[in-house]
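Trainee: I would like to go through this model with you. Where do we begin?

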Amino acid sequence: MDPLFRWAGSKKKLLPEIRARFPQGFGTYHEPFCGSACLFFDILPKSAVLSDLNQDLMLTYREIQANPEEVYKNLASLEISKENYYVVRALAPESLSSVSRAARFIYLNKLCFNGVYRTNKSGHFNVPMGSKTGRMPEKVDLLRYSLALRNVKLVDGDFESTLREIKTGDLVYLDPPYSKPEGRERGEYGLGSFHFSDIERLMMVLDRIDDVGASFIFSYSDCEVIRSELRPRWRTEKVSVRRHVAGFSAHRKIVDELIVSNFS
């Protein structure tokens, strides 16, 4: 099934390449930078842990999992217009009930520019309304997503902490936001999200996944700096994909990405 959320940097175009590299069997599926979780919704594993540092995202998944009809009622009550978009955007999430907060998140995600999630230094969502927007989900859609999430553990937190319970035979898919050494934090994916300075820590987590006998698939933009951090024992392959992050179609181009795994 397709993911519920629009998400900048989604791996939807790369799904066939990733699926082709799956191990023959695995235990629990883990996705610590889940975002729209397009790979999870594509494979629908029997057991999964989805996690992300974005607390509003994970709260929304939990409310869809537990209260899909209430989320839909709140979402359906929101008028779809440019004026109301900015009224809803200005609401303080912490002042809302969990169900209303989830509805707000879906509403903004479907109507914002290019599905971008970005916050200012105060942590407030600040993406303008887009001209090409997504379709609001119907009640039947949220019920389907609730069913898909039925046996999923949903956790908000840093990738290092959320991957501490990896067991032998599990599979981890890691797709952190791409960050360059000279890049500055601009609030994409929320302040405090993955930064290039976290690469060394990520490599240590991949070593730990190795040590417990679990499998991982790691995707990242192809660059010499990241290649220099990868262990020689891992399998590294380059694939080409059309990136859809840029705001204008003329700037969307074919880029090279790496898919790294610790199994044949």
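Mentor: Start with burial: buried means under 20% relative accessible area, exposed over 50%, partly exposed in between (1.4 Å probe, protein chains only). This is a predicted model: local features need pLDDT of at least 70, side-chain atom pairs count only at pLDDT 80 or more, and totals for chains, interfaces and linings use all residues. Residues are numbered from 1 along each chain as its sequence is written, and side-chain values use heavy atoms, without hydrogens and water.

Trainee: Is Phe41 buried or exposed?

Mentor: Take its relative accessibility, which is 0%. The cut-off for buried is under 20%. So Phe41 counts as buried.

Trainee: How is the ring pair of Phe41 and Tyr61 classed?

Mentor: Rings of Phe, Tyr and Trp (its six-membered ring) pair if their centres lie within 6.5 Å; planes under 30 degrees apart are stacked, over 60 edge-to-face, the rest tilted. Here the centres are 6.5 Å apart and the planes at 40 degrees, so the pair is tilted.

Trainee: Which helices hold Phe41 and Tyr61?

Mentor: Helices (H or I, at least four residues) are DSSP runs, numbered from the N terminus. The pair ties together parts 20 residues apart in sequence, because Phe41 lies in helix 2 (residues 38–43) and Tyr61 in helix 3 (residues 55–66).

Trainee: What distance separates the end C-alpha atoms of helix 9?

Mentor: The expected span is 1.5 Å times one less than the number of residues. Helix 9 (residues 199–211) has 13 residues, so it should span 18 Å. The model agrees: the ends are 18 Å apart.

Methods: Helices (H or I, at least four residues) and strands (E, at least two) are DSSP runs, numbered from the N terminus.
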